[in-house]
Amino acid sequence: MNKIPDGTTVELTGTFDGHVHLRQKKTGLLELTLPDLLDEFGGALIMCNTEPPITSIRLGLDYRAEVLSELPAGAEFDALFTYYLTDEAKADEIVEGYRRRIWRACKYMPNNGSTNTARALTRFRNGYPIYERMEEEDIPLLLHAETVGDRIDPFDAPRVFISEEMPELRKRFPKLRVCLEHITDGTAADYMAEAERNNEPTWATLTPQHFVYSRNRIFQRGSVREGTFRRGSNPSFVCWPLLQREEPHRQKLLQQVAGGNNRIGLGTDRAPHDFDKAKACEDGCGGCYPGRLALAIYAMGFEAIGSFEHFQNFACRNIPCGLYRLPPGKKKIRLTKCAARPSTMPEKIGEVVPILHGEKIPWREEAVC
Ligand SMILES: [Zn+2]
């Protein structure tokens, strides 16, 4: 990880987090999460799996008001919201909410496949009539691209979804804007390589944990060489979809980023949970939290692949300007390599245990304006 000298700086302009879970005031997590997000990003796409989920214009307006009320006065932050697809979704209401900019996209989540998904579509294909209307109205469809079930190995869930659902979706709705959220495996990487080649309107977000770590990190940490190696289960690194094997999966994702695939961009999928009550327990939730060091973790990833020239587009352009067609943002962050005086991820942020808690990250971040 120490490939470039201390003092090297990288500046990003228009940082945008393409995938966040802010939760709600009643959970105590919104007040905790929003300042971390604002520290690093000038805008974000906020997910809809609240309780209850965002399934109507009224709920969308309420949630937007709740989030905006937590923004500090004068904060320049582009908060964009999403709509939660259920079997009862009504196309007319989706279109109206989109035209009124209450939401900017619809989100598919596998039923009972992640946090607050009990009301999600029971079958991906049940949504076809809605996707048809979304294609006509040019509304993006965001996919938690996993097929879950009692016979499906959880590490295979993304491959099953992409190989079984994407060809038919694309055949029926070739112009629909689609985003594969938090891609994790070689199937998604191959799909995105094809999408770029074919100029297909498909994008993908990539989290810091899927970018920098393989699934080893769920079960071990440290290094044998440095005498810090420890084996054990690490719930802070459990998220859906799971981290995958190094070969071929993470390596294939890295190849796409290193090659500057302009359809893959930043989405942290920051998903805070009370660690003791909801994560480090039976049926513990998936969801990783990068605190306010998400960009520093991505910087480690870009340092490892030696492709800093693509960091700006990855973090600031591909998703906000490409997928959502927003003008370029203004938030400026300077990252400085500093192995001698690294950043340290806190052990705890409220009741949330972030990834890499207590560990050093050899990059420092500062807002430039
Ligand atoms: Zn998510």
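**Figure 1. Helices α6 and α9 in the predicted model.** Helix α6 covers residues 186–197 and helix α9 covers residues 246–258. Their axes come within 7 Å and cross at roughly 25 degrees. An angle under 35 degrees counts as roughly parallel, and α6 and α9 are therefore roughly parallel to each other. The crossing of these two helices is left-handed. On the α6 side, the residues that meet the partner helix are G186, A189, D190, M192 and A193. On the α9 side they are P248, H249, K252, L253, Q255 and Q256. Sorted by class, the contact of α6 with α9 has five nonpolar, four polar and two charged residues.

**Figure 2. Helices α3 and α4.** Two packed helices are described by the angle between their axes and the distance between the axes. For α3 (residues 91–99) and α4 (residues 128–137), the axes come within 10 Å and cross at roughly 30 degrees. That angle makes α3 roughly parallel to α4. The crossing of α3 past α4 is right-handed. Helix α3 contributes A91, I94, V95 and Y98 to the contact, and helix α4 contributes P129, I130, R133 and E137. Six nonpolar and two charged residues make up the contact of α3 with α4, with no polar residues.

**Figure 3. The largest nonpolar core.** In soluble globular proteins, nonpolar side chains tend to be buried together. The largest nonpolar core of this model has 94 residues. Which of its members touch the most other members? They are C106, A204, L295 and Y298. Helix α11 (residues 294–305) supplies the largest share of this core, seven residues.

**Figure 4. The surroundings of A204.** A204 is one of the core residues that touch the most other members. Leaving aside residues up to four places away in sequence, A204 touches C179, L180, I183, A188 and M192, and also R263 and I264.

**Figure 5. T55 in a loop.** T55 sits in the loop between strand β3 (43–46) and helix α2 (57–69). Is T55 buried or exposed? It counts as buried, because T55 has 20 C-beta neighbours inside 10 Å. Not counting residues up to four places away in sequence, T55 touches Y84 and T86. T55 and L242 are 187 residues apart in sequence, and their C-alpha atoms are 27 Å apart in space.

Key
Residues numbered from 1 in each chain as written. Predicted model: local features only at pLDDT ≥ 70, side-chain atom pairs only at ≥ 80, totals over all residues. Axes fitted to C-alpha atoms, helices over the stretch in contact; angles between N-to-C directions. Helix = DSSP H or I, 4+ residues; strand = E, 2+ residues; numbered from the N terminus. Parallel < 35°, antiparallel > 145°, perpendicular 65-115°, else oblique. Left-handed = near helix turned anticlockwise from the far one by under 90°. Contact = placed C-beta atoms within 7 Å. Nonpolar A, V, L, I, M, F, W, Y, C, P; charged D, E, K, R; others polar. Core = buried A, V, L, I, M, F, W, Y, C linked by C-beta atoms within 7 Å. Buried ≥ 20, exposed ≤ 12 C-beta atoms within 10 Å, placed from the backbone.
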